Amino acid sequence: MPAITVDNLTKSFGQTLALDDLSFRVKEGEVFGFLGPNGAGKSTTINIVLDFARPTDGSVSVLGMDAQRNSRDIRQRTGVLPEGVKTYDRLTARQHLEFAINSKNANDEPEALLERVGLEDAIDRKAGGFSKGMSQRLMLAMALVGKPDLLILDEPSTGLDPNGAREMRDLVREENERGATVFFSSHIMEQVEEVCDRVGILRDGEMVAVDSVEGLRDSVSGGTSLRVTVDRIDDAALQAVRSLQDVTRATVKGEDPPTIVASVNGSKTAVLSTLEDHGIEIQDFQTTESSLEDVFRSYTTGTRPEVHAQ
Ligand SMILES: Nc1ncnc2c1ncn2[C@@H]1O[C@H](COP(=O)(O)OP(=O)(O)OP(=O)(O)O)[C@@H](O)[C@H]1O
């Protein structure tokens with residue numbers, strides 16, 4: 001049973017079509033990164049999953065239950081970090097957690113939870129004096145209450161410094177190892193790379209790709225750039241490289257010594273052996289993965305790519 005099933009979901013706000021017949025699944029036990037540029041519809045989707053907003057059409061089921069009819073039961077088993085941190089100025093960190101623990105009938109210790117998010121020293125301070133990152137950490141600690149089966153985190157790294165962002169990734173991993181399914185949104189591809197089993201890319205309310213980060217990289221043409229420094233190059237050798245099945249492009253940069261820059265989707269050794277077969281001596285070579293920025297850009301700007309889904 002998937003942890004989240006979104007079927008043909010549509011949401012309009014007046015003339016704005018925020019979600020357009022959106023369908024996808026989040027498998028039980030996986031970390032699923034929900035990516036998209038500003039305004040793509042990530043928060044709208046999450047709000048419908050949590051029944052904070054109602055769909056115009058379509059349906060959502062969470063942990064096998066209908067998102068609208070069983071929202072109370074779903075929330076008991078789900079930890080949520082909503083978009084836009086809202087803490088209560090007059091309550092301390094401890095009081096925030098006591099509130100969350102009571103409402104979930106859980107038996108967690110506030111100290112232990114705050115320690116996990118690096119906020120133990122501020123346990124008896126009022127949240128009104130917290131920085132953005134501290135508030136975000138507190139909200140995250142609240143999401144962890146009751147060992148939820150599903151964690152839904154909307155832009156969890158907002159307001160966190162690089163250390164905080166790394167700790168956030170560690171927490172996601174720990175929770176996943178405990179058995180929780182994690183669904184989190186981000187508009188920064190790099191943030192999802194280390195922790196996500198799969199990534200879904202949303203654009204204008206439609207899913208344009210669902211795959212592993214590796215798979216997404218491979219799907220973008222010229223996924224890897226190979227640079228080969230050689231003693232010399234001739235037309236025949238260059239044409240032979242260009243005609244290889246896995247090579248989408250090959251150019252020569254520099255003269256002394258020349259460097260061949262090739263976009264390769266598969267085997268890189270074929271490029272090297274083809275050059276050697278033409279009597280060309282390889283002095284050095286290196287490969288560069290296309291950056292995740294490139295992948296994200298290729299799916300979210302310009303003309304729409306073919307849907308690449310698993
Ligand atoms: N309450 C609302 N009223 C009107 N339009 C809305 C409302 N909520 C969202 N929208 C519109 O729906 C679209 C999707 O917005 P949404 O907040 O879901 O995007 P997002 O992917 O979460 O963006 P961001 O990364 O900026 O948070 C946008 O065009 C937005 O203006």
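**Entry 1: around the ligand**

I started with the ligand and listed its surroundings: Phe-13, Thr-16, Ala-18, Gly-36, Asn-38, Gly-39, Ala-40, Gly-41, Lys-42, Ser-43, Thr-44 and His-187. I am reading a predicted model here, so I keep that in mind throughout. Sorted by class, the shell around the ligand comes to 3 nonpolar, 8 polar and 1 charged residues. Which element gives the most to this shell? I found that α1 does, with 3 residues. Both β2 and α1 supply at least two residues each.

**Entry 2: the sheet beside it**

Next I followed β2 into its sheet. I noted an open sheet of 4 strands, ordered β2-β1-β4-β5, with antiparallel pairing.

Then I went through the pairings. Strand β1 (residues 4–13) runs antiparallel to strand β4 (residues 57–62), and 5 bridges join them. I looked up two positions along this pair: Thr-10 stands opposite Asp-57 in β4, and Asp-7 has Ser-59 of β4 as its bridge partner.

From β4 I moved on to β5, which is joined to β4 by 2 bridges, again antiparallel. Val-62 has Met-65 in β5 as its bridge partner. The two strands form a hairpin with 2 residues between them. In that turn, Leu-63 has a positive phi of about 50 degrees.

I checked the domain assignment of the chain, which gives domain 1 as 4–77 + 148–218 and domain 2 as 221–289. How far apart do the C-alpha centres of domain 1 and domain 2 lie? The answer is 40 Å.

Strand β11 (residues 224–230) is joined to strand β14 (residues 282–289) by 7 bridges, and the two run antiparallel. Here Val-230 has Ile-282 in β14 as its bridge partner. β11 also pairs with β13, in the antiparallel sense, over 6 bridges. Thr-229 finds its bridge partner in β13 at Thr-259.

Arg-249 stands opposite Ser-263 in β13. β12 and β13 make a hairpin with 5 residues between them, and Gly-254 in the turn has a positive phi of about 75 degrees.

I finished with the confidence values. The chain has a mean pLDDT of 89, and 95% of its residues reach 70 or more. For the complex, the predictor gives an ipTM of 0.97 and a pTM of 0.79.

Which element of the chain has the lowest mean pLDDT? I found strand β15 (residues 308–309), with 42, while β1 has the highest, 97. Over residues 304–310 pLDDT stays under 50, and the model has 13 contacts beyond four places in sequence for this stretch. Where pLDDT is low, the predicted coordinates should not be read in detail.

How values were computed: Residues are numbered from 1 along each chain as its sequence is written. This is a predicted model: local features need pLDDT of at least 70, side-chain atom pairs count only at pLDDT 80 or more; totals for chains, interfaces and linings use all residues. Two strands pair if DSSP finds at least two bridges between them. pLDDT is the predictor's confidence in each residue, from 0 to 100. Two residues are in contact if their C-beta atoms, placed from the backbone, lie within 7 Å. A residue is near a molecule or strand if its C-beta atom, placed from the backbone, lies within 6 Å of it. Ala, Val, Leu, Ile, Met, Phe, Trp, Tyr, Cys and Pro count as nonpolar, Asp, Glu, Lys and Arg as charged, and the others, Gly among them, as polar. Domain bounds come from an automatic or database domain assignment.
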